[in-house]
Amino acid sequence: MSPFLTTHRLHLTPLSPLHIGCGEDFEPTNYVIEDSLLYGFDPSRAALNDQQRGKLMDVARRGSLAGVQRFFRDNAAAFKPHAHVVMPVCSGVARMYEQRIGEAANVEASGNQVFNKLEIERHVYTGALQQPFIPGTSFKGALRTAWLDELNAERQPHDVEFKRNGEAKSSAALEKRLLQGDFQTSPLRLLKVADLMPIREPEREVLFAVNRKKREVIGRDGVPMQPKGIAARKDCVLPGQYRLFAANVTLPALLKHVGATDSKGKPATPHAQQLTHQGGVDLHRLAQQSNQYHLHRLRRELAVLDGRGLVHPAWKRSIELLLGSQSPLGQKLHTGRAFLVRIGRYGSADSKTLTGEGVASIKIMGAKGQPPTFESTTKTVWLAAQNDNDQKHLIPFGWAVVEIDPEGDCADLQQWCAQQNQGRPSMAEHRARLQAERRKADEHKARLAQEAAARAETAEAERVAAEQRAQALARMTPQAQAIETLRQACADWAAKLPPHGNFKKQLADANKLGLYQDATRLVKTALQSPDWSADDKAALAEVLLTHLSQAVAPWDAKEQRKKLQLAQLRGEA
């Protein structure tokens, strides 16, 4: 392998639910929940019938958000086959959807109703397949914090600027000092991590992210309170998926360029003390830094959660055994052959700050109208939950282990993953059924498109024919126009009779409005007016026999020849 460039293969296994937001949400207009499964879709791909289309247009015109939400729920069968995402939802989210969809959350003082948006924050995902992945920047960010923490060695910073209220403006000066320069001279620029992509379909679930106090809250009556706090719905990658994500990390070496300076004598490359003798980053040493930082925080967090009775006891015990110093995975972490990292938005500010009393300055928002305070640790923690009011079976977000160039399987990690997957519903059958339904829906949509095209073609043909008839009619004499108008009216009515339609024949009664009355009037005009030629009268007689007879009833040929004076029209009388 060339000393100029070293590449390693990374494999990531989630140890707890992972959520890395992308700024997009599932909303009740692009998802439905049925049988505890979320179906996420593009509504424009569905083929609606005329009744459904009319209903949707009606609620949209009325601006009824509740009506739109209920429309998608009530017509789930039309949208589910087009789902590009299907995943389980926790019991609490499924129940909330059924109870709140299309219902007002509250009524403002003005009388306006405020509706539940029921949005679900999406995990960052790939393009066409829309599968979750782990951005390389998230992984690198976790390593960067651990590196800075070791360099700082719990010293209180003196080069961080603060606002009047005590909030840090920027830690750029501190970071520049610790890394002995800016980006150009930072050793982390020699760590190039690709996005960790899924090697198979990731198993996901919509979970609650609930906010809980780290310390017990005692009410005025002396009884411990269980504050509910905030609950949000998150699209999460589930833990226990063995080596689910993989990526390459590239480590370029500076070699003889270590310690180079620019024309002004300032450093142009990272400092040699932070690099290997070849001028590169020691990935295994970096893993040890990360593990020292993150193991300390994991154990501290588990102790706090266990003291409050919040953490899921079975998960806690299994993690402690899995990461113990005597376990195979624990040995990997100790020797720097694997990383323990915490990634994602809900990884807690405690896992993104430096160690030491008075080092961190975390902004803690106060009650409404109260100024924020700044502490060295957070007062609350975000946890994954099946129900928004759960207080005892919660799991921290964001923990994962990343192996470096693993040779063979890691037996204890593989076994732990198998245990986590017990009782978890397999989505393979659901996805196979959905794929079959999608094929049928696409075929149905294609048929509807063909039928619509055929109707459009027919309508266009009728339009052209009508235009041609109008042009031909304009060139006719008034007598011919009257005859053609009657013929066309009779033909149009006959076309609506069975088996083509459900119309009935008109009555052959000259005293009632209709085709027969129009015909008798035209006969009278033809026989009395000197403008009607013998050919015009004969043409009218032919129309009466051929076309009027098909549109009216009863029709007795002998009687109608007399009533309509056909002999006179033909010049036979």
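Colleague: How many aromatic pairs does the count come to here?

Modeller: The count comes to 8 aromatic pairs. The rule is that rings of Phe, Tyr and Trp (its six-membered ring) pair if their centres lie within 6.5 Å; planes under 30 degrees apart count as stacked, over 60 as edge-to-face and the rest as tilted. One of these is Phe41 with Phe79, a stacked pair at 5.1 Å centre to centre with 20 degrees between the planes. Keep in mind that this is a predicted model, where local features need pLDDT of at least 70, side-chain atom pairs count only at pLDDT 80 or more, and totals for chains, interfaces and linings use all residues. Residues are numbered from 1 along each chain as its sequence is written, and side-chain values use heavy atoms, with hydrogens and water left out.

Colleague: Okay, and are Phe41 and Phe79 buried or exposed?

Modeller: Buried means under 20% relative accessible area, exposed over 50%, partly exposed in between (1.4 Å probe, protein chains only). Phe41 and Phe79 are both buried, and Phe79 has a relative accessible area of 2%.

Colleague: Why is the pair of Phe71 and Phe79 edge-to-face?

Modeller: Look at the angle: their planes are at 75 degrees, with the ring centres 6.3 Å apart, so this pair is edge-to-face. Phe71 is buried too, at 3% relative accessibility. Phe41, Phe71, Phe72 and Phe79 form one aromatic cluster.

Colleague: Which ring does the charged end of Lys80 sit over?

Modeller: A charge sits over a ring if NZ of Lys or CZ of Arg is within 6 Å of the ring centre and within 35 degrees of the ring normal. For Lys80, that ring belongs to Tyr39, with the charged end 4.9 Å from its centre. Arg122 has its charged end over the ring of Tyr125, 3.9 Å from the centre.
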